[in-house]
Each structure stands twice: as C-alpha cells, then as structure tokens.
Amino acid sequence: MPDSWRMPQGEIEALRNARHGDPFAWLGPHLVEQGLVVRALVPDATRLFVLPADGGAAVALEHRDPCGLFEGLLPGHTLPFAYRLRAEHSEGCWPVEDPYRFGPTLGPLDDHLLVEGTHRHLHERLGAHLVTHEGTPGTRFAVWAPNARRVSVVGDFNAWDGRRHPMRKRHDSGLWEIFLPGLEAGAAYKFEVLGADGQVLPLKADPFGRAAQLRPENASLVQPAPPFAWTDQAFIASRATRNSARAPVSVYEVHAASWRRHPDGRFYDWDDLVVALVPYVAWLGFTHIELMPVMEHPLDESWGYQPIGLHAPTARLGDADGLKRFVAACHAQGVGVILDWVPAHFPQDAHGLARFDGGTLYEHPDPKRGFHRGWGTATYDFGRREVAGYLASNALYWVRDFHADGLRVDAVSSMVYLDHGRGAGDWAPNAQGGTEHAEAIGFLRQVNALLAEEAPGVAVFAEESTSFPGITHPIAEGGLGFQFKWNMGWMNDTLRYVAMDPLHRRWHHNLVTFGLMYAFSERFVLPLSHDEVVHGKGSLLGRMPGDDWQRFATLRAYYAMMWGHPGKKLLFMGGEFAQWREWSEARELDWWLLQFPPHHGVQGLVRELNHLHRTLPALHAGDADPSGFRWIDADNAEMSVFSWLRLDPAGGPPVAVLCNMTPVPRTTLRFGLPRSGVWREVLNTDATGFGGSGMGNLGRVAAEDLPAHGLPASAVVVLPPLATIYLMADEIENETRGETHATEP
C-alpha cells in the first residue's frame, strides 16, 4: 500500500487527546518500506520543514492534524538521520529541535538496578539533568511511574501542555524518559501523569528535582550541576575520629530559617549564615551543627519535617551551591554538619509523592501501614524495593554531594513499630502477630550498611523514643547499625525533675539516677531539642521554678549536670542564652536578651562547658563505656545532691561532678574521691561570671587519705545553691608532691 507509512487516525487522536502511551513509536524518524518517515508535533506551526544535518535540501512535511502533527516521507534516507526542523506561521519562522529524533538516555542497567532497589546513584540518572546527548546540549528527564498510561514533562517551554512532550516508557522498570534539546538551566517543570484509570492527575513535582520554586509556587527547576570546588579533604578524612563514641560530640541544633532574620523579615540565605552562624557556633565550642530539615517543604510550620522535595535544598535559603558553601565553611572552622533526614513519612500535597501515578506507589497500599492518622501523612512502602532504593540513594546523595558528616533520622519509633503513634483500628500486626515492622527495620539496616560502605566515618543518629533493642548495635549482631541514639528517656525524666519545686525533688531523686541504669546499653545523645520548646511547653528557662534568680541558677546547674553526664550533647538554638519565649519558626531568636547579664552568663557557661567537654577526655572518652563512670553518692535524695566521677578509659585525670539541686548551700558535705591531694574546681555554675552568687571553693579543694563512699580519699566541698561544680585532680601539683594515687577506684 503506497500510504501505509501514514500514521493511523486512531494514533493521531490519541496524541491529540494526550492519551498516547508510546509516542516514540510514531514521532521522530522511523524507517519504513518506502524510505524514512519523519513525524513531529509542533502545535504553533502551520508549515514545518526537515533540514538534514548533511546540508541536503529542506523537505516540507504534511500538516496532518490541527493538534500540530506533521509527517512526511523522505525517500533515499535511512537511520541514523540527524536533522533539525524549521517551523513557520504567519508571523515568521523559528528553528525547532525535535526531541523524538533522539535515542534513550537510560539503559538496561538503570532498569535492573531500580527494580532491584540497589541503584546507589539514582539521583544521577532520574530527575532533570543538563547533558549533551548525541552531540546536542539540552536536558534529560526521567521519572518512575509504572502504573501511568502516559507521562509528559510540562513547563513554560511548552505552555504547560501535556500533549507537547509525552515521554518514552521503559516497560521493564516503569521509568519514563525524554531528552529536550536546547532546554537550559532554570526552566520550571512538572510531570503531567495520566493514571491507569484514564484520569489526568494534578501536576507532580519531580521526586528527584534538585531545586524548586519558593513557596507558594512548587514547580521543580532544572538545576545546573557544575563541579563544586571542595577544599575539605582533611576534614572528611578525620570524620571517623570526630564522630567516634570516644570523641567529644556537642551538637548545636538549628532551624536555619529562624536563627536570624533580616530587619525586613527576609530569611538569611546560606551565605549570610556562613558569615554569622558558622563563626558563632565555632566560638561557642560546639563540635557539630545539626540542621533541621533543609529539604524543600511546602509548609513553614512543618519546620521541614513534611518534605516534598527530598533532593532539593529549600529555596527559602538559597541554592544547592549555597548549602555546599555553608558546609565547607563549617568544615574550615572544624565544625561537622548533621542533616535531619525524614524517611518515615511524607505529606499528601497534590503535587508531591502521594498517589504519584494514580495509585499507591511510594506509600504502602494498606492504609493501616500507608497512612499515619496522627500526622495526616503517608507512610513509605519500605518493603517495595524501588521505594527503599529511592530513599537509600537519597541518604547517600546528601552525604556524598553535600559532604554532610551525619544524618539524624527522624521518627524512627514510628518506623520500627507498626502501632507507634497509631490508635486502635489504625494499624495491623505483622505476620507473626507482633508490632515490629520488619520491612522498615530491614530498610534502616540497608541505609546504615550503605553509608558505612560508601561514606566511612559518617554518623547516623536515631531519634527513637522507645526501648527498641540494639539501635546502635552492629548489624552483624542483630542491631540496626546506627552510630548514636537520642536518649529521650533521660530528656523526659530530667526535664520533669528540674521543673519541680526544689522542696519536692527529694521524692523524685530516681528521675535523675534511673538513666544510669541503661546509660551504656546504647551509644546515646542527650537531646534538649526543638521539641522541648514548642507546642505550649515554653522555653527551658520558663520551665524552671522559683523567682528569676532560681530559674537561671537551676538552668545553669542542669546544663552542667547534662554536660557531666555520660552521653553526647545536643542543645537547640536559643537554649545557649536562655531564651524566655517559646521558639517559633515565624521569627528570629530573641538576640536582644544578650544585653542582660543573666542571659550573657548562661551563654558563657555553655561556651565553657563545651571547652571542658572538648579538652578533658574524662568528660567525653567514656560516654559509651561503663568504665568511664562511677557513682560517688547516688542516694542523697534528702538533700537532692548527686555526685559521680567521670573517668578517662585511657587513664587521664578524673573529673568529679557534684550537683546541688536545692537553693540551700551545702558547706559540710564530704565526698569520696579516687586520690588525695589537690582537686581544682574547673567549673562552678554559681560563679559570678555566669550570673551566680560567687560561692565556691576558691578554685580548689584538698582531698585527704580518708575513705568515703567506697573510695580511698575524700574532701569536704562547698556546694553553692542550685549549682553544679566540676573538680579535676591536679596532676601537676600532685606529681610535685610525689603522690602516686591510682586514677580509678
């Protein structure tokens, strides 16, 4: 048949109605019995010409349909055939590069690794990437939507018309791809998806988009990816040491969009934070900054914990290179960077992952596993390999591309337990009738194993509020493989204790002592996080009882108790200068408070605590080692006095931590110590420089060879009211005296 090469009318109607599921089968160049046929979809043109790249004569194509379909036969040509198009209408002409003349940009290995869930660099293959493909610069797009009947990429470049650029489906994996020649960086785009039921879904942002518009707009943006000039190789090489259980780890938790604001209310961008935040944190002596989620999210009030764009740094703070400059500046100051990461759930905004291709794709199909009623969010299907692979590769993306030194995994309890945070009827037991979520547990092990292999030294922190066993134990021993776990029990118990009237604390002494019963069962972080200063809880200072003097004194004593307790440290921004108001993401911190001595004194105390934490091995090397701790007296409930020793497992000088949690000075108490001689008072929270009354021990105490509390020596120590002091054995003076007492009991 002479016209058998012509596109059937039914196929044309499918293209016209944006219902065609395989446009590459018809559009572009195709070899037929009569020669080479070229078809193109250019809706604005009235005439279209093929311009062969070899300089041959232009060939006019027939205008087959008002939707903009043109086709024509080019006898004597064969594949491959390079060409451009020239479009014309009444107002002029313009060149057109035909996306359908290009071959695939993905290969069978991409299909295989996606389906297997083992593609470690999915972000390099999916999403939008500026490339030169078959000699032509442009942007390649790829998205996973296996249940879709059609997927088109839409944007300003095609008038957001889904008929213009329907994509090629890779049937082995459910991936869709297309290369748009000439499309440059900065282009806004989304995906238009035709679901299996024939319904066109709301336009979807790119799950792998590396940049997005500032809210309330929500399109993804084509992002250039020039190589970043990292200069932190020495810092990266020291990660394993810096993140070790024996290293000092003191974390300053930051919500970057509200730490400071410009006078007109604008957010600080990453470069502003390089100038202001990084040197401030270094000056305070924190070892790490933890950033609350910096991934793109639609709602400010979610603080980033309901992200839409897991691969896109939020536009509130600048672009991806800005975040990289921030991380590089932190590393230059010796400060590590931990990113909050949210794989537990995602919001159900129409442009996000929810029902991405018309059905349950990223979320679990069973609502009792795929929906969290308490948060109103969807829960990932951790048992689906493609989903687990998507999340695991995303974790690696932040570590490798942005040089993050750690990830803090949010809401781990809601992942490892099927019933956590869910009411009756909102969850279903596992196959064995239990509450453990085997697929989520397996996923967490997968992520931790991947990061340990690909990014040695990176620390992964678990925010886990239950007693789930083995969070920080090795995977080979049945654990989950995290480096550290937030100690939510310690936080809840001790905050409850210090919020009490001192008169009542004697009856609740165990709220402080109980934490030492399990302090070494995991590698813990002691967190005073953002969650403790929101939702009507008030500020930390506001929780303290008594008049203003007692409130500040109690907070100082509590901070020093925390820094002297086994476990790494975390303090949310504003806590370092005792902010009065509850934190709000809508405003900056109350920096003006630092003009007042009590607030300035707390800031100075936190700086000194960090200095001691970093420089005295006894205060950090044994944080996860039972040999690094010994009670002096755990039982003085009547006076609400706590005393213990922090010991350096390597044999360095010990530190005695003595806490008086009442406003009554204690001037006659004797405390057992592991050696006689001079003990320097290296910290006193009642010092006038910190805002205290100045009561203390004149900088030192003399320990006698008089046993007490099961220790060979002891000293009478003055404990100021509502204060914590640290005593450290003075090695130099004791050596001068020729004393040779053991460093441990």
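1. In what order do the three strands of the open sheet with antiparallel pairing lie? Please keep in mind that this is a predicted model. The order is 10-13-14. Strand 10 (150–155) and strand 14 (220–221) are the edge strands, each pairing on one side only.

2. Let's stay with that sheet for a moment. Strand 13 (residues 188–194) and strand 14 run antiparallel and are joined by two bridges. If you want a place to look, Tyr-189 has Ser-220 in strand 14 as its bridge partner. The loop between strand 13 and strand 14 holds Pro-216, and the peptide bond that joins Arg-215 to Pro-216 is cis, with omega about 15°.

3. There is a cis peptide bond elsewhere too, between Leu-79 and Pro-80, where omega is about -5°. Pro-80 sits in the loop between strand 5 and strand 6 (83–89). As background for both of these points, most peptide bonds are trans. I would be glad if you took a look at each bond in your viewer.

4. Now to helix 1 (residues 9–16), where Ile-12, Ala-14 and Leu-15 are buried. Why do the buried residues of helix 1 line one face? Seen down the helix axis, they fall within an arc of 160°, so one face of helix 1 is lined by them. In general, an α-helix has 3.6 residues a turn, so residues three or four places apart point the same way. The cover over the buried residues of helix 1 includes strand 4 (59–65) and strand 5 (69–74).

5. Ala-18 is not a glycine, yet its phi is positive, at about 55°. Is Ala-18 buried or exposed? Its relative accessible area is 11%, so Ala-18 counts as buried, the cut-off being under 20%.

6. For context, most residues other than glycine have a negative phi. Leu-722 lies in the loop between strand 34 (713–719) and strand 35 (723–729), and it is buried, at 1% relative accessibility.

7. Which residues does Thr-662 touch, not counting residues up to four places away in sequence? Leu-722 is one of them, and the others are Pro-502, Met-639, Ser-640 and Pro-721. Thr-662 itself is found in the loop between strand 30 (655–660) and strand 31 (666–673). With 7% relative accessibility, Thr-662 is buried. Its side chain makes a polar contact of 3.3 Å with the side chain of Arg-666.

8. Last, the nonpolar cores. How many residues does the largest nonpolar core have? It has 180, and Phe-141, Leu-291, Tyr-559 and Tyr-726 have the most contacts inside it. Helix 9 (residues 385–402) gives the most to this core, contributing eleven residues. Another core, of 19 residues, lies apart from it, and Val-641, Phe-671, Val-701 and Leu-727 are among its members.

Conventions
Residues are numbered from 1 along each chain as its sequence is written. This is a predicted model: local features need pLDDT of at least 70, side-chain atom pairs count only at pLDDT 80 or more; totals for chains, interfaces and linings use all residues. Side-chain values use heavy atoms; hydrogens and water are left out. Two strands pair if DSSP finds at least two bridges between them. Helices (H or I, at least four residues) and strands (E, at least two) are DSSP runs, numbered from the N terminus. A nonpolar core is a set of buried Ala, Val, Leu, Ile, Met, Phe, Trp, Tyr and Cys residues joined through side-chain atoms within 4.5 Å. Buried means under 20% relative accessible area, exposed over 50%, partly exposed in between (1.4 Å probe, protein chains only). The arc is that of the directions from the helix axis to the C-beta atoms. Contact means heavy atoms within 4.5 Å. A polar contact is a pair of N or O atoms within 3.5 Å; within protein, one must be able to donate a hydrogen and the other to accept it, and residues adjacent in sequence count only if both atoms are side-chain atoms.
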